[in-house]
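Here's a quick tour to read alongside the sequence and the 3D view.

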Amino acid sequence: MHIHRLEKIWLGLGLGTLFVFLGVLGVSAFAMGAATPSMHHHTIDPTKVNQTAPFDQPGIKQVADKEYEAVMTAFAFGYAPEKMEVPVGSTVHFTVTSSDVIHGFEIPGTNVNMMIVPGEISQVSHTFTKPGEYLILCNEYCGSAHEMMKTTIIVK
Ligand code: CUA
């Protein structure tokens, strides 16, 4: 009798935990559902990257004093645009997506290091305080020519 009662308590606790767990799941599912519309502009059809603005025209443009916006695409095996140049002290806002598989976006010597996922738009900003030729490298294995995947940003 005593044991039976204990089992009931444990069962009750188990069910309680389960309901709490389901509740949390429900709440997060609801939150995700609610958040989807506002996140819509951060997703893109990876098969239509080259026809979707702004990625139909990858490039770098000045948006303010010493402030630039770089729109880039990553693909096997390279980045567009191939070369960029900004004056020293410039802040560059990178907006990047992939038109095929997952790629990396790392600028050695800076803290810029992103994963570029097809269907998603990744953004990072960096201020280049020292002149030089900065490599942008892929650090996610993406196929046979992964090692060759890079582009350059010249700061002078
Ligand atoms: Cu792209 Cu490795």
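Two strands count as paired if DSSP finds at least two bridges between them. Helices (H or I, at least four residues) and strands (E, at least two) are themselves DSSP runs, numbered from the N terminus. With that in hand, look at β10, where V155 is the bridge partner of V86.

This is a predicted model, so local features need pLDDT of at least 70, side-chain atom pairs count only at pLDDT 80 or more, and totals for chains, interfaces and linings use all residues. Residues are numbered from 1 along each chain as its sequence is written.

**The overall picture**

- The protein chain has 1 helix and 10 strands, and from the N terminus on they run α-β-β-β-β-β-β-β-β-β-β.
- Of the 156 residues in the protein chain, 19% are buried; that label needs 20 or more other C-beta atoms within 10 Å of the residue's own, while exposed is 12 or fewer and partly exposed is in between, with C-beta atoms placed from the backbone.
- Among contacts in the protein chain with a separation of 6 or more, 54% are between residues 24 or more positions apart; a contact is two C-beta atoms, placed from the backbone, within 7 Å.
- An unreviewed UniProt entry annotates residues 61–156 as "domain: Cytochrome oxidase subunit II copper A binding". UniProt positions are in the numbering used here, feature names are shortened, and annotations may be inferred rather than shown by experiment.
- Residues 61–156 are 0% helix and 58% strand, with the end C-alpha atoms 16 Å apart.

**How confident is the predictor?**

- Mean pLDDT (the predictor's confidence in each residue, from 0 to 100) is 86 for the protein chain, and 74% of its residues reach 70 or more.
- For the complex, the predictor gives an ipTM of 0.99 and a pTM of 0.73.

**The nonpolar core**

- A nonpolar core is a set of buried Ala, Val, Leu, Ile, Met, Phe, Trp, Tyr and Cys residues joined through C-beta atoms within 7 Å.
- The largest one has 20 residues, and A70, M72, A74, V86, V92 and V96 have the most contacts inside it.
- Two or more core residues come from each of β2 (67–75), β4 (83–86), β5 (90–98) and β9 (132–137), and β2 gives the largest share, 5 residues.
- In soluble globular proteins, nonpolar side chains tend to be buried together.
- V92 touches Y68, A70, V86, S125, H126 and F128, leaving aside neighbours within four places in sequence.

- β4 runs parallel to β10 (residues 150–155), with 4 bridges joining them, and M84 stands opposite I153.
- β9 runs antiparallel to β10, with 6 bridges between them; here E133 stands opposite I154.

**Spots in the loops**

- F55 is in the loop between α1 and β1, and it counts as buried because it has 21 C-beta neighbours inside 10 Å.
- Apart from residues up to four places away in sequence, F55 touches V49, N50, V71, T73 and T97. The C-alpha atoms of F55 and T97 are 8.0 Å apart, although 42 residues separate the two along the chain.
- K66, in the loop between β1 and β2, has a positive phi of about 60 degrees although it is not a glycine.
- K66 is partly exposed because 14 other C-beta atoms lie within 10 Å.

**M115 in β7**

- M115 belongs to strand β7 (residues 113–116). Why is M115 partly exposed? Because it has 14 other C-beta atoms within 10 Å.
- M115 touches I102, G104 and E140, not counting residues up to four places away in sequence.
- M115 and E140 are 25 residues apart along the chain, and their C-alpha atoms are separated by 7.6 Å.
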